[in-house]
Amino acid sequence: MNKEMMSNFVGKTIKVDRHGPNSRVGKLLEVFDDGFILLTEKDGILYYNMQHIKSITESTQDKIDAGVEAPEGFEYKKANTFNDLLKSLQYQWVHMNRGPESIEGVLSEITPEYVAIIVKDEIVRFSMFHIRNISYGLKVENTNEGEKGSEEKGKEEKNKNNDKKK
């Protein structure tokens, strides 16, 4: 994947990788030299390292739904390169990769070859080539879930009141 090709999908909903634990669906927000930013329902903002992406899928009939929209004024970190992005996340709690190689901790060191993440009482060094994606906690709340939650609370209150009347 390259910046020129990926730039064609900005603003569209895409699927990164076809199947498996690393596959994600989201809205492509921005592309930088060697990475891109994807907004997903489950993980929020994901920063992808392009060198490790196997495939990108775009629906020809807009049948892929990201399930989330960025609210007006939503801000996220931006960078020119994936390494610059990592440097901007230094000393923050991050979630790196998804699936079997997932790791969470404090990003402590960034070099051209590896990053170091503090996980409890260990320092884990992770090869730069094997970083698929990284996030630092930004998530967009799904407005449908908020409405559903209010409806459920209302039903629970109604049921409690009916039980008291009996």
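# Salt bridges and nonpolar cores in a predicted model

In this predicted model, the side chains of Arg24 and Asp43 meet in a salt bridge, with 2.5 Å from N to O; a salt bridge here is a side-chain nitrogen of Lys or Arg within 4 Å of a carboxyl oxygen of Asp or Glu. Because Arg24 lies in strand S2 and Asp43 in the loop between S3 and S4, the pair ties together parts that are 19 residues apart in sequence. Local features need a pLDDT of at least 70 and side-chain atom pairs count only at pLDDT 80 or more, while totals for chains, interfaces and linings use all residues of this predicted model. Residues are numbered from 1 along each chain as its sequence is written, and side-chain values use heavy atoms, with hydrogens and water left out.

**Overall build**

- The protein contains 3 helices and 10 strands, where helices (H or I, at least four residues) and strands (E, at least two) are DSSP runs numbered from the N terminus.
- Read from the N terminus on, the elements follow the order α-β-β-β-β-β-α-β-β-β-β-β-α.
- Of the 166 residues, 40% count as buried, a word that means under 20% relative accessible area, whereas exposed means over 50% and partly exposed lies in between (1.4 Å probe, protein chains only).
- Among contacts (heavy atoms within 4.5 Å) between residues at least 6 apart in sequence, 52% join residues at least 24 apart.

**Salt bridges**

- The structure holds 6 salt bridges, and in general, side chains of opposite charge can pair when their charged atoms come close.
- Both partners of the opening pair are buried, since Arg24 has a relative accessible area of 12% and Asp43 has 10% relative accessibility.
- Lys78 and Glu30 meet through their side chains in another salt bridge, at 3.8 Å from N to O; Lys78 lies in the loop between S5 and H2 and Glu30 in strand S2, so this pair ties together parts that are 48 residues apart in sequence.
- Lys78 is exposed, with a relative accessible area of 54%, whereas Glu30 counts as partly exposed at 21%.
- Salt bridges that share partners join Arg24, Asp43 and Arg98 into one network.
- A salt bridge also forms between the side chains of Lys12 and Glu58 (3.1 Å, N to O), linking the loop between helix H1 (3-7) and strand S1 (13-16) to strand S5 (residues 56-58), with the two residues 46 apart.

**Nonpolar cores**

- The largest nonpolar core has 25 residues, of which Tyr47, Leu86, Leu107, Val115 and Ile134 touch the most other members; such a core is a set of buried Ala, Val, Leu, Ile, Met, Phe, Trp, Tyr and Cys residues joined through side-chain atoms within 4.5 Å.
- Several elements each supply at least two residues of this core, among them strand S2 (24-32), helix H2 (82-88) and strand S8 (114-119).
- Leaving aside neighbours within four places in sequence, Val115 is in contact with residues including Leu86, Met96, Leu107, Phe126 and Ile131.
- A second, separate core of 13 residues includes Val31, Phe36, Leu38 and Met50.

**Confidence**

- The mean pLDDT, which is the predictor's confidence in each residue from 0 to 100, is 81 for the protein, and 75% of its residues reach 70 or more.
- Among the elements, S8 has the highest mean pLDDT (96) and helix H3 (residues 143-165) the lowest (45).
- Over residues 145-166 the pLDDT is below 50, and beyond near neighbours in sequence this stretch has 1 contact in the model.
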